[in-house]
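Here's a quick walk through this model, going from one residue out to the whole chain. Have the viewer open and follow along.

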Amino acid sequence: FIILFPAALIILVNVYILICRRNFQKLTTTPVRNPIDESHRSTKRVVIVGAGACGIAAAKTFIQYGYEDITVLERSHELGGVWNSGQYAGASIQQVYWLYAYPDFPWPKDLIASELSPGRDGVQEYLRRYSEAHGVLDRIRYGCEVKTAIRDEENDVWIVDTVQYGALTADILIMAVGNNDSSNPIVPELPNRELYRGRVLHSSRVGDGSDLIGAERIAVIGGSKSAFDIGQFEPDRTTLIMRTPHYWFPRWIMCSPFFDRITCFLFRGYLPDRRERSWIVRLLDEILIPPFAVGVNRPTKSRSVLDDIMVGGGIHVCVTLPEYRNARRWNLVQSSPVAYTEDGLELANGDTIKTDVIVWATGFEPSTFFRKVFPGVDLQDSLEDGLYLYKYIAHPSLPKCFFVGFKDPSLMTLCNSSLQSLWAVLCAAGVVKVPDAAEMRRNLDERKHDTRLRFPYSHRRAFYDYFLRPPNCDYTYGLDLVRDCGLEDRLCSFWCNPANIWTASLDFNAILALPIQNLQGSDSESKTEETPLALV
């Protein structure tokens, strides 16, 4: 039995995958009728703000569904968003390349020949080739900064005011600038700055790391991915100072297919009193996870990894084993800087840190950009929460405006962005039905109340509270968007369950790579009304 049962399971899984692949070949070679009316596609003007990974996914989807007037506005002079040449050296994706990929555009072999987690240059080239393959490059206006976006209710359009090109009119507005304002880095103003004799940088200004290499003492404030990357330059000379506990794990744990399911299960099962938690949650949290964690605290009987994360800490990925080993060499301190000294920093716990270089890896303001772009609109956002959105895409105060890339954390970043883009395209055309503004507002208010109760001290909780309620993980979130779009019958697998890890990429690839047949005029109207996504 010990031998036969695993063998039978392996055979069944492979047969299942084979069936799904056959379904995939049929689905992706049989065109479907475009559910969007031809007159709508040819007359509606689409403006996409941001030419990063999410912006170009949105542009590709609008092109795929036949829209003609598409403009992508990019503030910098190159595509890529956070992956452009201004990113610091050593930046890389947090997971293996096949998880950070567009489902309908696999990584070219020459970009992954020597590394499983490509760095800045590899990612930017991947995004460029994706844009070129789908005809996005010609739609981008570089060096174009958006000042404001004002809603003209009388004409049912958006007036997008830009610095370089003046006012542009948009029927559909896509915000694909991420959930941080990269023009507004967070560098706290501390007393006695004039006394400090060393260098002070924000992580976005580290560049090639020349200011760090060779420095005798380096202090990095923060516990996120940028702090981790910057700590790799001189690990033996680096002190990481973090306000809340953060933990780093080796990639083979964090990027396992079941990781997002396990994480969601842990967070949903969290209760302040450890004795009230289920035995499975306690087994994972207290026995299985701690041996692999690199963090400021060692788990104890009174405090666990889950306890620390739920009060505002974080989980992060060590991309390679050498980086994981480097993380174990850091001097980790849990506290907050309160003032500069002549040769370092004074901390809230009374300690002083001597350092030659201080790097603030504290991120960017999460919502200042949107307050500036949408003047007079009550976004009901905050520094602690971020911006609450319906399905992480739509805001009740911003009709015909959609946010792409506002779901964090995610092991399927580009896949989620592509599915969000598809949802936005079909919602703008009326194919996807959404609640009215009042009902949507009530939905978000209830979600905000529940989230604040569960995460009383957590930062940016609006971006990752999805695991508290259905859908509970990346896969089920994607399925939820697919069902809204009426495309569930296009899934190549017949077992759509969160435990199904074997065909997730095939499922969403079959949806996003659908060949769309654009019918004309009245023929399109009559046929799509009967069977919006029927096989041709």
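## Starting at Ser417

Leaving out residues up to four places away in sequence, Ser417 touches Cys54, Val404 and Gly405 (contact here means heavy atoms within 4.5 Å). Ser417 counts as buried because its relative accessibility is 1%; buried means under 20% relative accessible area, exposed over 50% and partly exposed in between, with a 1.4 Å probe and protein chains only.

A word on the numbers: this is a predicted model, where local features need pLDDT of at least 70 and side-chain atom pairs count only at pLDDT 80 or more, while totals for chains, interfaces and linings use all residues. Residues are numbered from 1 along each chain as its sequence is written, and side-chain values use heavy atoms, with hydrogens and water left out.

## The helix around it

Ser417 sits in helix α12. Helices (H or I, at least four residues) and strands (E, at least two) are DSSP runs, numbered from the N terminus. With 16 residues, α12 spans 22 Å from first C-alpha to last, close to the 22 Å expected at 1.5 Å a residue (that is, 1.5 Å times one less than the number of residues).

How much of α12 is covered? Most of it: 15 of its 16 residues are buried. After α12 comes Gly430, with a positive phi near 85°.

The largest nonpolar core has 92 residues, and Ile48, Tyr102 and Trp423 touch the most other members. Such a core is a set of buried Ala, Val, Leu, Ile, Met, Phe, Trp, Tyr and Cys residues joined through side-chain atoms within 4.5 Å. Helix α12 (residues 413–428) gives this core its largest share, 10 residues. A second, separate core of 24 residues includes Val146, Phe369, Leu387 and Phe406.

Back to Ile48: setting aside neighbours within four places in sequence, its contacts include Gly55, Phe62, Val72 and Ile174.

## A five-stranded sheet

Val220 has Leu240 in β11 as its bridge partner.

## The whole protein

Zooming out, there are 16 helices and 21 strands. Of the 536 residues, 54% are buried.

Terms used
Pairing = 2+ DSSP bridges.
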